[in-house]
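Good morning, colleagues. Please have the sequence and the model in view while I go through a selection of local features.

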Amino acid sequence: MILHIQNAIEPATLDAITKSLSQELFTDGSQTAGRAAKQVKNNRQLRLQDDKPAALAMLLKHLQRNVIFKSSTFTKQFVNVMVNQYHTNQEYGLHIDDALMGHVRTDISFTLGLSHIDHYQGGELVIEDTTGERSWKLGLGDMLLYPSHYLHRVNAVRNGERLAMVGWIQSHVRSAEHRELLLDLKCSMSEEFEQRGKTQQYDRLSKSYNNLLRQWAE
């Protein structure tokens, strides 16, 4: 499941946090790339370590409050979180994320746009699946969630600055197909409850959701 969430965090909050992040020291992105990825990774990055920098830790806390994010990821733990910075002619070529980071399995990758969409040109996030290539240009607050097993790249920024938070999640529900089914059920439960209250239909949906989660959760 590839999920595009718009306005994942309230814009005013994002603007305040990104201004604080701009004062931080970004380092060469190739420092955290594997042997092959080093050859195609050309960006700057700021990593979250022990809740520092505080602005990045705050950004992650706000993200975790998003209902759709919580309902679609079933986050067991965040494996790694950072902010990537791309200036003109910088890019990240085709690669796949490591299956294990610090001996922890990566199930879900995410990118949260931290730049206004008209502040940079290029810089699309491109994912390869069985149907071919699909691309997204992410503006401020736009988030893309996708299974970590896809090949993907970030096209070269032709002008301006592209800033984005990226991270990896180990999920309580390992299968991407199972997570998608659970999200569909959760959305149906919410719609039924909001429109009709606690009906027999809601109870049946709730029963199916919770018993499937009980079966699939690790």
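In which strand does Ala 164 lie? Ala 164 belongs to strand β16, residues 162–171, where strands are DSSP runs of E with at least two residues, helices are runs of H or I with at least four, and both are numbered from the N terminus. Before I continue, please note that this is a predicted model, in which local features need pLDDT of at least 70 and side-chain atom pairs count only at pLDDT 80 or more, while totals for chains, interfaces and linings use all residues. Residues are numbered from 1 along each chain as its sequence is written, and side-chain values use heavy atoms, with hydrogens and water left out.

Ala 164 counts as buried because its relative accessibility is 1%; buried means under 20% relative accessible area, exposed over 50%, and partly exposed in between, with a 1.4 Å probe and protein chains only. The C-alpha atoms of Ala 164 and Thr 18 are 9.7 Å apart, although 146 residues separate the two along the chain.

I turn now to the helices. Helix α4 (residues 176–196) packs with helix α5 (residues 200–216) at an angle of about 155°, and their axes are 9 Å apart. The axes are lines fitted to C-alpha atoms, for helices over the stretch in contact, and the angles run from 0 to 180 degrees between N-to-C directions. The angle therefore makes α4 roughly antiparallel to α5, given that angles over 145 degrees count as roughly antiparallel, under 35 as roughly parallel, 65 to 115 as roughly perpendicular and the rest as oblique.

Next, the salt bridges. The term means a side-chain nitrogen of Lys or Arg within 4 Å of a carboxyl oxygen of Asp or Glu. By this rule there are five salt bridges. One of them joins Glu 218 and Arg 105, at 3.3 Å from N to O. Glu 218 lies in the segment after α5 and Arg 105 in strand β8, so the pair ties together parts that are 113 residues apart in sequence. Glu 218 is partly exposed at 44% relative accessible area, whereas Arg 105 is buried at 16%.

Glu 192 is buried, at 9%, and Arg 196 is exposed, at 54%. Asp 203 and Lys 198 form a further salt bridge, at 3.0 Å from N to O. Here Asp 203 is partly exposed at 33%, and Lys 198 is exposed at 59%. Through shared partners, salt bridges also join Arg 105, Asp 107 and Glu 218 into one network.

Finally, the backbone. Most residues other than glycine have a negative phi, and most peptide bonds are trans. In this model, the peptide bond from Lys 52 to Pro 53 is cis, with omega near 0°. Pro 53 is in the loop between β4 (44–47) and α2 (54–63). Asn 89 has a positive phi, near 75°, and sits in the loop between β5 (75–86) and β6. Asn 89 is exposed, at 57% relative accessible area. His 103 also has a positive phi, of about 70°; its place is the loop between β7 (100–101) and β8 (104–105). With a relative accessibility of 79%, His 103 counts as exposed.

Thank you for your attention.
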